[in-house]
Each structure stands twice: as C-alpha cells, then as structure tokens.
Amino acid sequence: MASEVNEIAAQASENIRDNNDGITGKIPSTPEGMALAYGSLIIMAILPIFFGSYRAVRHHKEQQQQCKQSGEQPDTMSCKEAAIFPFISSFTLVGLYILYKVFTKELVNQVLAGYFFFLGILALCHLTSPLISSLVPAAIPKTQYHILFTRGEGDKANHIINYKFNLHDIVCLICCSLVGAWYLLKKHWIANNLFGIAFAINGVELLHVNNVVTGCILLCGLLFYDAFWVFGTDVMVTVAKSFEVPINDNAHYAFVQSRTTGSVIFSTCLFGHSTAFGVS
C-alpha cells in the first residue's frame, strides 16, 4: 500500500513538472549553446568599438581638412554636453515609459519600428557604401548627383540640404532597403543585429569628445543613469521588455535545441553600451 502511494505521488510530481515546463516553454540550454551565444555577444560588442574607432580616426582627418578649407570648428562633444547627456536620456526614457502606459504596446512599437526603419537604412548605407560600391559592376557608372536646398540668397544663404551622391549610392540604398523591409516584416534577429551594429559603429565614428575629461564625464554619467533607472525604479525594465527596435544584439543561447525543436531563445546585449565605451 505504501509503495503504491509513493508511486502515485512520484507520478503526480512528474506531471506537475511537465505541466510547468509546458507553461513556461523554457528549453534547457547546453554548454555548447551557451558558449556560442555568449561568444557571439562578446564579438558583436567588441566589433562596433574596433571598426567604429578605426572609422572615427579617418572621419576626424577628413573633418579637419574640411575645417581648414571652410574655417569652421569641428563638431565635438563638450564637458557641458556630456554632463547634460544622461539627463536628456532620462527624459527620453521616462517619455517612452509614459507612452507605454498610456497607449498600447503594439501601437507604440509600430510607430517606433517605422522610425527606426528609415534610420536603420541610412545607418546601414553609411556603413556598407564602400563595400557595396566596390562590388557594383563597372557597367554602372558613378554619375554624380547633387541635392541642394537653401534658405536665403548670396552670403546669407543657409544650406538646409546639401548632399552629393552617385549611382552606386543608389544601389547601396536599394540593398539596404531590402534589409529594412526584412526587418520590418519579419523582425528577424539577423536584420535586428545588422541595424544595431550599424547604429553602434556610426555612433562611435561620428560622436567625438574634445578631451579625456569629457569622455570620463560621459561614461560616469551614463553609469549612474543605468544604475538609477535599472535598480531604483521599474522604468528601464518596463521599457526594455516592451521596446522592439534594433538597439540590442540578440543571439541564440539554446542553439542545439532550436535546431531540433524549432524554438528560439535569445540572449541580449544593448548596443548602446558598446557605443558609450567606444566614444569614451
């Protein structure tokens, strides 16, 4: 009698475990999958810093040459701007938090997806333009075009749009638009990572600090910003769980199981952290 009761209790415990596993849907990870996922995260966190820093040096030299010709000072982040940056980020974060509380998550994400769709295409074009241009057949000439939109006349003219491009840039725009459409329609993690890496590399390349002190102020300010909003409130966690835009790096950490069961589990790293360290 006692053995039958124990057998029934064991069976009941097993059924409860199976039901809980079915509810959570969590697939047990393996050492191989964990190593693959976190190795990918480390590589994709370092790559934007390396390539962004390399491109930043070249961009800084080009900017210096242009400033010598025009006589203008290059755009750099000052200590005051670095100190204000965490407060601007806080206002933006709280604004998003309020939007998610007032409106539905689906509506806010649709608007943000459209916004980041255009930003992602432009960021990816700026990043891949040299590569795609080298792959374009020689039959397509580099015909130059110039879009100029000014306000005022003569010496008082203010250039609102002053952009030069060629046919190779148009080909690059079409290719990046296909990636953007893939992201917008499927929200695939590869398209997400391509946009995220493009944002991070462009951020490291184009944001310049004028000295080491400014970089330290920026890094310390963002450290307190992260610590306060993550551990002090639920604002950061709520927005991060609701935010469906390409600002983070997603990688499989249950790769072996996902191949056999069709399920996908992700490990995430924000590209903004790579950008902050690269700029600083």
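The largest nonpolar core in this predicted model has 36 residues. Leu93, Leu112, Val239 and Phe243 have the most contacts inside this core. The largest share, ten residues, comes from α4. In soluble globular proteins, nonpolar side chains tend to be buried together.

**Core**

- Phe243 touches Leu96, Tyr100, Asn109 and Leu112, leaving aside residues up to four places away in sequence.
- Leu112, one of those partners of Phe243, is also among the residues with the most contacts inside the core.

**α4 against α5**

- The two axes come within 8 Å and cross at roughly 140°.
- α4 and α5 are therefore oblique to each other. The cut-off for roughly antiparallel is over 145 degrees.
- The crossing of α4 and α5 is right-handed.
- On the α4 side, the contact is made by Ala113, Gly114, Phe117, Ile121, Leu124, Cys125, Thr128, Ser129, Ile132 and Ser133.
- On the α5 side, the contact is made by His168, Asp169, Val171, Cys172, Leu173, Cys175, Cys176, Ser177, Val179, Gly180, Ala181 and Leu184.
- The residues of this contact divide into 14 nonpolar, seven polar and one charged.

**α4 against α6**

- The axes of α4 and α6 come within 9 Å and cross at roughly 65°.
- This crossing is left-handed.
- From α4, the contact involves Phe116, Phe117, Leu119, Gly120, Ile121, Ala123, Leu124, His126 and Leu127.
- From α6, Leu194, Phe195, Ala198, Phe199, Ile201, Asn202 and Glu205 take part.
- Twelve nonpolar, three polar and one charged residue make up the contact of α4 with α6.
- Phe117, Ile121 and Leu124 of α4 take part in the contact with α5 and also in the contact with α6.

**Loop between α5 and α6**

- Lys187 is found in the loop between α5 and α6.
- Lys187 has a positive phi of about 55°, although this residue is not a glycine.
- At 38% relative accessibility, Lys187 counts as partly exposed, because that class lies between the limits of under 20% for buried and over 50% for exposed.

Notes:
Residues numbered from 1 in each chain as written. Predicted model: local features only at pLDDT ≥ 70, side-chain atom pairs only at ≥ 80, totals over all residues. Heavy atoms only, no water. Core = buried A, V, L, I, M, F, W, Y, C linked by side-chain atoms within 4.5 Å. Buried < 20%, exposed > 50% of the residue type's maximum accessible area, 1.4 Å probe, protein only. Helix = DSSP H or I, 4+ residues; strand = E, 2+ residues; numbered from the N terminus. Contact = heavy atoms within 4.5 Å. Axes fitted to C-alpha atoms, helices over the stretch in contact; angles between N-to-C directions. Parallel < 35°, antiparallel > 145°, perpendicular 65-115°, else oblique. Left-handed = near helix turned anticlockwise from the far one by under 90°. Nonpolar A, V, L, I, M, F, W, Y, C, P; charged D, E, K, R; others polar.
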